[in-house]
Amino acid sequence: MSGLMAEELSIVVPVLNEAKNLSILVDRLSETLNKERIDWEVVFVDDDSQDGSRAALIDLANQNSRVRFITRIGRQGLSSAAIEGMLSSSARHLAVMDGDLQHDETLLPKMLVELQSDEVEVVVGSRFAKGASLGEFSSTREKISNLGNWLARLTIKTELKDPLNGFFMIKREAFEPTLYDLSGTGFKILVDILASSPRPLKVKELGFNFGKRIHGESKIDSLVAVEFLTLLAEKWLGFLVPVRFLFFTAVGGLGVFIHLAILSLLFKTLGWQFYSAQATATLLTMAINFSLNNVLTYRDRRLSGFGFIKGLLSFYLVCSVGALANFQFAEFLFSEGIHWILAGLAGAIVGAVWNYAMTSTFTWAKKKKQKI
Ligand code: GDD
Ligand code: MN
């Protein structure tokens, strides 16, 4: 083992419900890296998987001192998991790879060799470089991936064919200066690091074949694109305004139109009284806004199941005062002869400001300490 010397290589592996893949990966790493006499360790970062991963990790770590792990409770996210794993390591080289056996571990020794050169600071396993294949990627996913690649290249200061891949190795000296600027949002840890580096990093790509997943399932869903755009927005605008606020404003802005659409349907088309049309439009818009914010703005604190119902109720509760102010105000303006659109709009704005202040504090409150 490492003795007094810093380890040569830490391999950080974020895992979420990968219990069946853990010991296979450790075996494969041992096979490849021991043969090359590399001084290595693997650091699994598990976000409280409910498939027995923690017990499996305890066993693995007890059997093999090259295995370490971190369990995070009440938090999720591939990027932030990778960052915390890297932070826990003192090795001279840091690799990040998936824990589902889709990344080819036999590339690791070759990556390490590349990092011995002064000309290379980051080696990226690329699905597009020479000798690479995309495996089971569908053509739609490939198109989305191409668009993402293009957007990422605008941000990262570095020419790369496959910046979206989650398989790479970096020198510690190159990683350290990025620490305070990392965003940790979403899936794209490499983009985050490259964009956070104070200077362009010297990158080399090595092709590999993207394997098939055998056990478990992919955690990437359609909203991964939203997280990716959030990451880019944070890199572009983060120093000006918090991106969460931008999302909330966008949802709120959309809410104004939804509100007016419902209002005009009820008031103009269906001939309801203005007061009840405005009240109904307010309540419906609140529910729609709640759902949108839950999925977009507060994706990382997303409420689901019973939490969703509780959240919706608290949303209604804390906003009921705002809603009251909203339609009282609108009704007052309308009765003063103000045009219905203006009256409705003014009421909705009063409600929206109230919503933001109250719900960011109460409805999507940051998770407090876990019950022990
Ligand atoms: N700790 C933690 N927390 N791990 C996570 C989380 C999370 O919230 N979400 C996913 N993971 C782990 C998975 O368990 C797996 O080990 C790895 O991150 C990749 O997740 P997959 O769900 O298998 O993603 P994918 O195969 O669809 O996408 C991968 O390949 C893409 C193309 O190379 C990822 O590496 C992407 O980042 C990459 O762009
Ligand atoms: Mn995968």
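These legends describe close-up views of a predicted model. Local features need pLDDT of at least 70 and side-chain atom pairs count only at pLDDT 80 or more, while totals for chains, interfaces and linings use all residues. Residues are numbered from 1 along each chain as its sequence is written, chains are lettered from A and ligands numbered from 1 in the order in which they are written, and side-chain values use heavy atoms, with hydrogens and water left out.

View 1. Asp100, through OD, and Gln102, through OE1, coordinate the manganese ion (ligand 2) at 1.9 Å. Donors are N, O and S atoms within 2.8 Å of the metal (3.2 Å for Na, K and Ca); water is not among the atoms, so sites may look incomplete. Asp100 has 4% relative accessibility and therefore counts as buried (buried is under 20% relative accessible area, exposed over 50%, partly exposed in between; 1.4 Å probe, protein chains only). Gln102 is buried too, at 9%.

**View 2. The salt bridge between Asp100 and Arg213.** The closest N and O atoms of this pair are 3.0 Å apart. A salt bridge is a side-chain nitrogen of Lys or Arg within 4 Å of a carboxyl oxygen of Asp or Glu. Helices (H or I, at least four residues) and strands (E, at least two) are DSSP runs, numbered from the N terminus. Both Asp100 and Arg213 are buried.

**View 3. The salt bridge between Glu41 and Arg68.** Here the closest N and O atoms are 2.9 Å apart. Glu41 in strand S2 (residues 40-46) and Arg68 in strand S3 (residues 67-71) are 27 residues apart, and the pair links distant parts of the chain. Glu41 is buried at 5% relative accessibility, whereas Arg68 is partly exposed at 28%.

**View 4. Further salt bridges.** The whole structure holds 11 salt bridges. In the one between Glu176 and Arg172, the closest N and O atoms are 2.4 Å apart. Glu176 is partly exposed, at 35% relative accessibility, and Arg172 is buried, at 16%. Asp47, Arg72, Arg75 and Glu84 are linked in a salt-bridge network.
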